[in-house]
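Please keep the sequence and the structure in view while reading.

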Amino acid sequence: RAMMELEVVPGVSAGPFKLGAPIGEVIAVLQHASDHVVELKYNDPDPLAQDILLDVPTDGLLLRFEPYSQRLKGIEIYQVTRITLKYMGQLISEPTPLINYGGFSGGTQATFVNIYQRFGPTYPGDFAQDFSSYTLHYPGLSIKFGIPPQYREAYASHQPNAEHPIEFPDGTSALAVRICLFAGPTQSTATLPPLSPSSPCGEELVVQVGQGVWFSHRNCWLTFFSSVQDVLSELGNPNEVFFKEEDKMRIHSAPPFAAPPPGLTSSMTSSNVASSEVSVASGSGSGGGGTASLRRCGDYFYNYFGLGLDVLFDSQSHTARKFILHTNFPNHHEFNKYAKCRFAIPLPVPAPAAAAAVADANTTSSVDSNKAGAADASPGLTGDTKWDAVQRVFGACGRPVVGNRGINENPFGPSFFYGYRGAVFEVMQNGHIASLCLFQEKEL
């Protein structure tokens, strides 16, 4: 197995891993190096409560992602002797077969002496007696050294303004046991680096239920009257184009003369059309495989994975029928297929979603009149809002449609689709939103 080699740039990157990069880009780098085992770690009940981690145990590398933005906030090398490290082209450390406190065998070791020579002077570090370690700090970089038991007391009595304990009394030097990179002057005050204006990760999408989506950076609207040419002009070419072959949810669309099924509330009855707008294949880029007898054939998706967005076009009018926005939580079966879509639904939610009827958005002026408000409104609901909070705004919903792909394809369990007029929320078992499907309700 080839050893990993990283060029360390404090506060910026370690090799191909750049601070601030979205999790999808980092996973792509790791997938390119196919001989590395990678473990994904996250808080399953509440994926926003703790950092998302990518652990590469064979190389002793831990990549830490801020859970809301899903961007790389910290790089930790916890097995320094397993990775070749360089700084400004100079070797800091390389793997060796034998490592002890008192002596080292072969190669270049990340000793205190070597580190200090490479990175230069800095302020006195911190000694943690409980962990028997001494941490040296540089802007954007901290390096922890292991202290042998026999020298622990000497370090504990070390004065804060004293010189660095570069060498032990026997002439040896402490070995680095952990190296951390972060953006900011200190690790405790580390922040995410600013996004490039061209980065899709920084673009917020403002949702107007029943009308369309406002793209904040592009300063444009896409509505249910937007043509294929409109979408291509504003968003560019899609990553993939997927043609639907059938609509497996069509059976749930009640005809206008049908009586409400027993046990369904009036709110759910009014959203039967909403339920029919959810397809098992919606935006997934897979599925179908049957005939088109259930629904007209030929509707097609433009998949924009970097935006976390799918646009479904009508095969006859070639205008947008649906917008599907994905939150990319790690406990969803489509994790890492899409980047996280940063969408917001301003409050108050317009009447079409929360009340009985969809207002007519058939004129350009109705969209233009909302443009300024959509761009300036403070978000009320976002992709991070939990389902119970969504219901407090949109109102109680009836029974959900259950989507389950089976344990072989989806080990995370089923999702639940709750329909309102103009919007369908896909909700995971932990109460977080997996996706939001927007559509324009047709008259019954």
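Which side chain does a polar contact of 3.0 Å join to that of glutamate 426?

## Basis of the description

The model is a predicted one, in which local features need pLDDT of at least 70 and side-chain atom pairs count only at pLDDT 80 or more, while totals for chains, interfaces and linings use all residues. Residues are numbered from 1 along each chain as its sequence is written, and side-chain values use heavy atoms, with hydrogens and water left out.

## Glutamate 426 and its surroundings

The partner in that contact is serine 415, whose side chain is joined to the side chain of glutamate 426 at 3.0 Å. A polar contact here is a pair of N or O atoms within 3.5 Å; within protein, one must be able to donate a hydrogen and the other to accept it, and residues adjacent in sequence count only if both atoms are side-chain atoms.

Glutamate 426 lies in strand β27; strands (E, at least two residues) and helices (H or I, at least four) are DSSP runs, numbered from the N terminus. With a relative accessible area of 7%, glutamate 426 is buried, where buried means under 20% relative accessible area, exposed over 50% and partly exposed in between, using a 1.4 Å probe and protein chains only. When residues up to four places away in sequence are not counted, glutamate 426 touches His332, Ser415, Phe416, Phe417, His432, Ile433, Ala434 and Ser435, contact being defined as heavy atoms within 4.5 Å.

## The sheet around strand β1

Five strands form an open sheet of mixed pairing, in the order β3-β2-β1-β8-β9, and two strands are said to pair if DSSP finds at least two bridges between them. The edges are β3 (17-18) and β9 (90-93), each of which pairs on one side only.

Towards strand β2 (residues 13-14), the pairing of β1 is antiparallel over two bridges, with alanine 14 as the bridge partner of valine 8. β1 and β2 form a hairpin with three residues between them, and glycine 11 in the turn has a positive phi of about 75°.

In helix α4 (residues 228-235), the buried residues include Val228, Val231 and Leu235. They lie on the same side of α4, because they cover an arc of only 65° around the axis; the arc is that of the directions from the helix axis to the C-beta atoms. Gln229 and Ser233, on the other side of α4, are exposed. Among the elements covering the buried residues of α4 are β17 (212-215), β18 (220-223), β20 (300-304) and β21 (309-313). After α4 comes glycine 236, with a positive phi near 85°.

In α9, Trp387, Ala389, Val390 and Phe394 are buried, and they are placed on the same side of α9 because their arc around the axis is only 155°. Glycine 395, which follows α9, has a positive phi near 100°.

## Aromatic pairs

Rings of Phe, Tyr and Trp (its six-membered ring) pair if their centres lie within 6.5 Å, and planes under 30 degrees apart count as stacked, over 60 as edge-to-face and the rest as tilted. By this rule there are 20 aromatic pairs. One of them is the stacked pair of tyrosine 151 and phenylalanine 168, at 4.8 Å centre to centre with 15° between the planes. This pair links distant parts of the chain, 17 residues apart: tyrosine 151 is in the loop between β14 (141-146) and α3 (152-156), and phenylalanine 168 is in the loop between α3 and β15 (175-182). Tyrosine 151 counts as buried at 13% relative accessibility, and phenylalanine 168 is buried with a relative accessible area of 5%.

Tryptophan 387 and phenylalanine 425 form a tilted pair, 5.8 Å centre to centre and with 50° between the planes. Tryptophan 387 belongs to helix α9 (residues 387-394) and phenylalanine 425 to strand β27 (residues 423-427), so that the pair links distant parts of the chain, 38 residues apart. Both tryptophan 387 and phenylalanine 425 are buried, and ring pairs link Trp387, Phe394, Tyr418, Tyr420 and Phe425 into a cluster.
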